[in-house]
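Please work through the exercises below with the sequence and the structure side by side, trying each task before reading its solution.

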Amino acid sequence: MTDSDRHIAARAADAYLQLHELGKRYGEVPAVDAVSLDIRRGEIFCLLGASGSGKTTLLRLLAGFETPDTGRVLLDDEDITAVPPYRRPLNMMFQSYALFPHLSVERNVAFGLEQEQLTRGEIMRRVGEILEVVRMGALARRKPHQLSGGQRQRVALARALVKRPKLLLLDEPLAALDRKLREHTQFELLNIQQELGVTFVVVTHDQEEAMTLATRIGVMDHGRIVQVGTPREIYQQPLTRFVAGFIGSVNLLEGRVLERQADRAQLHCDELPVPLLVPWPAGAGAPGATGAAAAGVSAAGVGAALWVALRPEQLRLSRARPEQPYNWAQGVIREVAYRGDLSVYLVRLPGGRELRATLANSGAGSAAVELTRDVPVYLCWEADSAVVGSD
Amino acid sequence: MTGGRPRLWELLERRGRALVSGIPLGWLSLFFLIPFLIVLKISFSEARLAMPPYAPLLVRTGAHTLAIHMHLENYRLLASDPLYLDSLLYSLRVAAGSTLCCLLLGYPMALAIARAHPARRHLLLMAIILPFWTSFLLRVYAWIGLLQDNGVINHLLLSLHLIHQPLVMVNTTFAVYVGIVYSYLPFMVLPLYANLEKHDATLLEAAADLGARPWRAFCRITLPLSGPGIMAGVLLVFIPAVGEFVIPSLLGPANQLMIGRVVSNEFFENRDWPTASALAIVLLLLLLAPIVLLQRYRRRELASA
């Protein structure tokens with residue numbers, strides 16, 4: 001048993017799909033760079049990244065359309081790295097859906113089953129069943145060009161699911177749908193996934209989609225997985241500046257460490273009139289220290305440069321000067337965007353930096369009335385709402 | 001005059017569509033429809049040793065009467081003399097055989113070009129079209145040099161001791177096949193390439209993902225989707241091959257004539273224009289059938305696309 005085998009065996013406890021040091025280069029550029037990842041049975045795992053981050057290449061490696069330069073893929077403890085796509089026990093739903101234009105809906109869905117040793121009756125029964133699940137039974141004899149985008153999406157899903165795969169790969173499953181249909185389809189996907197208990201790996205560039213669908217998200221950047229976690233973890237505890245900026249909107253401030261306390265630290269920020277008080281992770285290895293970024297922070301001494309991320313919904317706006325001696329800023333409202341349930345405020349600080357704050361619009365006579373353009377305001381926040389990092 | 005140009009422009013804009021479709025229409029009626037009608041007319045007249053070598057269709061029989069002499073003898077002759085039917089069947093057989101060979105050779109070539117790296121595709125297409133830079137006649141003559149008893153191929157086989165006597169290849173049906181397949185291969189490859197090049201590669205990935213091995217994916221996806229390309233290539237080779245005249249004259253057997261050669265013989269050697277015309281008309285009607293079929297197929301394709 002090599003070291004790498006031992007490593008895989010050690011991680012195998014609850015992993016269903018395991019990627020081990022998977023790498024793929026195009027020329028000199030690594031598209032996927034030594035990615036190791038465990039995906040659990042029955043989960044919806046979203047690979048989230050901008051275009052060119054390597055997420056689609058990673059999906060194609062899983063489907064078998066690309067051969068990795070390094071590393072291994074294990075599905076249910078079986079090494080499938082060298083298995084050709086037509087023998088992998090997984091199926092893929094393509095971004096373009098890739099429906100066969102010359103075959104009817106029924107024949108498209110039956111295609112996969114016809115490659116197995118099944119009787120005609122069995123094939124027809126299973127095709128009928130799955131078309132009912134995606135509510136396409138009535139349109140079984142249509143050709144793909146006679147369907148709407150949403151209907152095609154459902155046929156593509158049925159075609160991939162009818163094979164009863166262990167794992168379903170979905171490449172931007174909702175990208176081709178309009179906004180309203182997308183939301184509806186998201187929940188439908190969740191229902192079907194739960195009903196059939198299939199493990200989903202979803203590639204998407206849309207963070208909202210990832211947040212809604214995923215049990216866990218892997219954020220990709222430059223061919224690497226930079227953070228894996230539940231949507232809540234990714235949003236609330238981003239490990240790197242990139243993740244903090246990529247997921248949701250965020251205010252990023254830079255500061256230097258002034259003073260360290262037990263579980264807090266004071267930072268100096270040029271743009272704020274008062275010090276920044278931020279939560280301080282315990283020493284590396286101690287509970288609560290999560291990942292590389294936290295370890296980097298806890299090692300930082302006085303004078304070290306750190307980034308501080310503040311979510312817009314955690315900033316409070318007031319006309320009166322806050323009483324706390326830390327964590328506030330003064331500025332002028334530059335822009336107010338009314339979004340129905342909430343309003344977005346852009347506040348310009350004296351140094352020129354703009355901070356974004358969102359306030360829920362509750363009731364008719366709220367404080368929002370006096371918060372209009374060009375009004376000077378104070379922004380303040382709790383120490384615990386900030387996230388710090390050192391990269 | 002300042003208003004002249006815009007007015008002309010306006011006219012062009014309004015009549016543009018009619019003008020654009022009118023030019024080929026005029027061309028076709030002038031050089032296809034009218035000659036066709038003349039041939040049709042001749043096919044119904046009686047042969048004569050005169051100039052022109054056929055009797056007029058319209059004859060004045062009295063001061064005020066004009067008679068049409070529809071002479072059906074030519075068509076009856078075609079049916080009664082086995083020479084015509086025989087050479088017609090031979091032509092259809094050779095044309096069908098060489099079309100099939102072209103398809104079997106041309107499909108893999110077209111597929112390879114369509115799937116080649118885009119930078120190499122143009123080079124490969126050039127290689128397909130390159131023979132057109134040389135005269136057709138010259139290329140067919142070159143085959144005589146290759147195929148004849150003391151030609152290149154026999155010489156090579158003899159010197160390799162694979163054969164002890166030269167193979168008789170020239171003036172055989174085999175040589176006609178070689179000539180037709182060689183000459184018409186580009187007309188098979190090009191429409192097939194045009195079709196295959198448009199295929200979406202993810203369809204094959206989808207087929208593989210659903211469990212189809214490459215060969216099955218080809219049979220179930222690529223082949224059916226290339227139907228229109230196959231149809232176009234087959235017709236482009238088959239139709240001219242049936243009436244092919246030069247290749248069988250130069251390479252073919254002397255005792256077995258293809259229908260194009262028979263038409264030419266009737267015209268120039270027998271000076272029997274009416275029979276030759278009747279033959280040409282029958283041939284045209286025969287070849288019209290597959291074209292009509294193609295049109296119907298195309299229309300169905302369009303309706304579903």
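Predicted model: local features only at pLDDT ≥ 70, side-chain atom pairs only at ≥ 80, totals over all residues.

**Exercise 1. The open sheet of chain A**

Determine in what order the strands of the open sheet in chain A are arranged, and which strands are its edge strands.

Solution. Begin with the order across the sheet, which is β6-β7-β8-β3-β9-β10 in chain A, so that 6 strands are involved, and the pairing among them is mixed. Next, look at the two ends of that order: β6 (90–93) and β10 (224–229) of chain A are the edge strands, each of which pairs on one side only. Then consider how the strands lie against each other, for neighbouring strands of this sheet are turned by 20° on average when direction is ignored.

**Exercise 2. The pairings of β11 in chain A**

Find which strands pair with β11(A), and over how many bridges.

Solution. Take β14(A) to start with, residues 305–310, which pairs with β11(A), residues 251–260, in the antiparallel sense over 6 bridges. A residue pair to locate here is L253(A), which stands opposite V308(A) in β14(A). Now turn to β12(A), residues 264–268, which also runs antiparallel to β11(A) and is joined to β11(A) by 4 bridges. As background to both pairings, strands of a sheet pair through backbone hydrogen bonds, either parallel or antiparallel.

**Exercise 3. The interface of chain A and chain B**

Describe the contact between chain A and chain B, and state which element gives the most residues to the side of chain A.

Solution. Start with the extent of the contact, which takes 24 residues from chain A and 18 residues from chain B, while the two chains bury about 2,000 Å² between them, 58% of it on carbon and sulfur atoms. Then go on to the polar pairs: the rule finds 8 residue pairs in polar contact across the interface, both residues being at pLDDT 80 or more. On the side of chain A that touches chain B, β6 and α3 (105–114) of chain A are the elements that give two or more residues, and α3(A) gives the most, with 4 residues. Sorted by class, this side of chain A has 12 nonpolar, 6 polar and 6 charged residues. To finish, count the salt bridges between the chains, of which there are 2; one joins the side chains of R220(B) and E114(A), at 2.9 Å from N to O.

Definitions and conventions:
Residues numbered from 1 in each chain as written. Chains lettered and ligands numbered in written order. Heavy atoms only, no water. Pairing = 2+ DSSP bridges. Axes fitted to C-alpha atoms, helices over the stretch in contact; angles between N-to-C directions. Contact = heavy atoms within 4.5 Å. Buried area = accessible area lost by both parts, 1.4 Å probe. Salt bridge = Lys/Arg side-chain N within 4 Å of Asp/Glu carboxyl O. Polar contact = N/O pair within 3.5 Å; in protein donor to acceptor, adjacent residues only side chain to side chain. Nonpolar A, V, L, I, M, F, W, Y, C, P; charged D, E, K, R; others polar.
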